[in-house]
Amino acid sequence: MKVSFGTFLRSQFAKQPPVLKADLAGKTVIVLGANTGLGFEASKHFGSMNPGRLILACRSQSKGEAALKKLKTATGYTKAELWLIDLSDFESVKRFADKFERDGGRLDILVENAALSTPKFQPTRDGWESSLYVNDLATPLLAFLLLPAMIKTAERYSVIPRIVVVASETHYWVTLDKKVLQSRNILKTMGSSEYCTKDTMANRYPLTKMINIFFVRAFNDRLPVSTPLVIDAVNPGLCKTELMRDVKGFMAMIFGALMNVLAFTAEEGSRQLVYGAIAHPDKPDGLRGQYLSACRIFEVSDFILSPEGVKAQDRIWNELVEILGDFDSRVLAIVHQYLTRSKV
């Protein structure tokens with residue numbers, strides 16, 4: 001599928017469907033990046049559905065505490081919890097997952113919303129380009145480490161948990177270049193300072209969102225059909241959030257003008273996150289591995305579906321598992337136990 005700029009413009013002016021509602025009594029929801037923007041608005045929606053537990057996963061203690069107060073005021077929900085996580089640090093992700101494992105609770109919905117967009121190369125402490133690390137390494141790491149808890153929840157409570165990964169329609173406008181495809185390791189090449197020039201960083205955010213979709217599709221390909229779990233990718237559209245806060249100068253003026261004219265509110269965009277988490281409760285399997293936008297299933301980009309894209313998806317999955325397995329061997333064990341179905 002191709003999406004032109006004209007199609008994008010029309011989608012931004014389209015009226016958004018109302019937010020879905022469900023009874024989440026007794027269920028546990030985790031929302032990443034929950035202190036602001038899409039994550040906070042989604043948390044407000046979930047809070048209004050009275051979940052047994054609602055965990056706001058945030059990087060900042062002070063901003064997270066402020067979000068808790070605002071959520072309570074807006075919804076009357078008093079049981080929200082603040083858990084700290086820094087997706088620019090694998091160790092922080094591991095501590096978060098370990099804490100949840102010790103907690104021993106159920107996990108019904110994991111919304112992986114936190115994302116980073118940077119206009120230039122900014123290395124993590126491990127030397128990776130930051131937005132690739134946050135969006136495409138740390139985000140899957142948390143999904144892997146929490147997967148056993150979600151499977152146990154499914155078995156114990158006879159429910160179908162969901163992992164929602166926030167993607168973007170911008171993935172339609174990018175492909176992996178030949179230098180990356182011909183390299184020995186796609187992710188390590190894309191994450192290196194040598195590759196991350198000013199020109200390549202111009203498309204970095206949409207490329208990380210394309211890799212999010214690769215992850216969702218590869219995960220679902222390997223998830224046995226008998227496993228009661230749904231993973232999907234959602235597109236919130238262009239929204240007024242803090243995502244582009246690091247963009248400065250002339251480009252900031254351009255983005256600001258686009259936001260004023262075209263952007264949805266963060267609340268409108270958050271409806272897509274909620275949709276991915278609770279839509280079609282009677283037939284959730286129809287959402288497995290799907291890309292969702294405007295509360296509907298859409299075909300992904302032509303590149304993702306092409307033989308070249310399918311090959312890249314498998315390579316990236318294998319590289320991802322190796323990279324994350326080197327950090328925490330549990331990833332290898334989890335993939336072996338739960339994600340071993342051969343592709344069909």
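Helix H4 passes helix H5 in a right-handed crossing. The model is predicted. H4 spans residues 90-103 and H5 spans residues 130-157. Their axes come within 10 Å and cross at roughly 20°. Angles under 35 degrees count as roughly parallel, and H4 and H5 are therefore roughly parallel to each other.

The H4 side of this contact consists of Phe 90, Val 93, Lys 94, Phe 96, Ala 97 and Phe 100. These residues meet Tyr 133, Leu 137, Ala 138, Leu 141, Leu 142, Leu 145, Leu 146 and Ala 149 in H5. By class, the contact of H4 with H5 holds 13 nonpolar residues, no polar residue and one charged residue.

Glu 101 also lies in H4. Glu 101 is exposed, with a relative accessible area of 57%. The C-alpha atoms of Glu 101 and Leu 145 are separated by 9.0 Å. Along the chain, these two residues are 44 residues apart.

A second contact joins H5 to helix H9, residues 204-222. The axes of H5 and H9 come within 8 Å and cross at roughly 20°. That makes H5 roughly parallel to H9. The crossing of H5 past H9 is right-handed.

From H5, the contact draws on Ser 131, Leu 132, Asn 135, Asp 136, Pro 140, Ala 143, Phe 144 and Leu 147. Their partners in H9 are Arg 204, Tyr 205, Thr 208, Lys 209, Ile 211, Asn 212, Phe 215 and Phe 219. The residues of the contact of H5 with H9 divide into nine nonpolar, four polar and three charged.

Technical notes
Residues are numbered from 1 along each chain as its sequence is written. This is a predicted model: local features need pLDDT of at least 70, side-chain atom pairs count only at pLDDT 80 or more; totals for chains, interfaces and linings use all residues. Side-chain values use heavy atoms; hydrogens and water are left out. Axes are lines fitted to C-alpha atoms, for helices over the stretch in contact, and angles run from 0 to 180 degrees between N-to-C directions. Helices (H or I, at least four residues) and strands (E, at least two) are DSSP runs, numbered from the N terminus. Angles under 35 degrees count as roughly parallel, over 145 as roughly antiparallel, 65 to 115 as roughly perpendicular and the rest as oblique. A crossing is left-handed if the near helix is turned anticlockwise from the far one by less than a right angle, and right-handed if clockwise. Contact means heavy atoms within 4.5 Å. Ala, Val, Leu, Ile, Met, Phe, Trp, Tyr, Cys and Pro count as nonpolar, Asp, Glu, Lys and Arg as charged, and the others, Gly among them, as polar. Buried means under 20% relative accessible area, exposed over 50%, partly exposed in between (1.4 Å probe, protein chains only).
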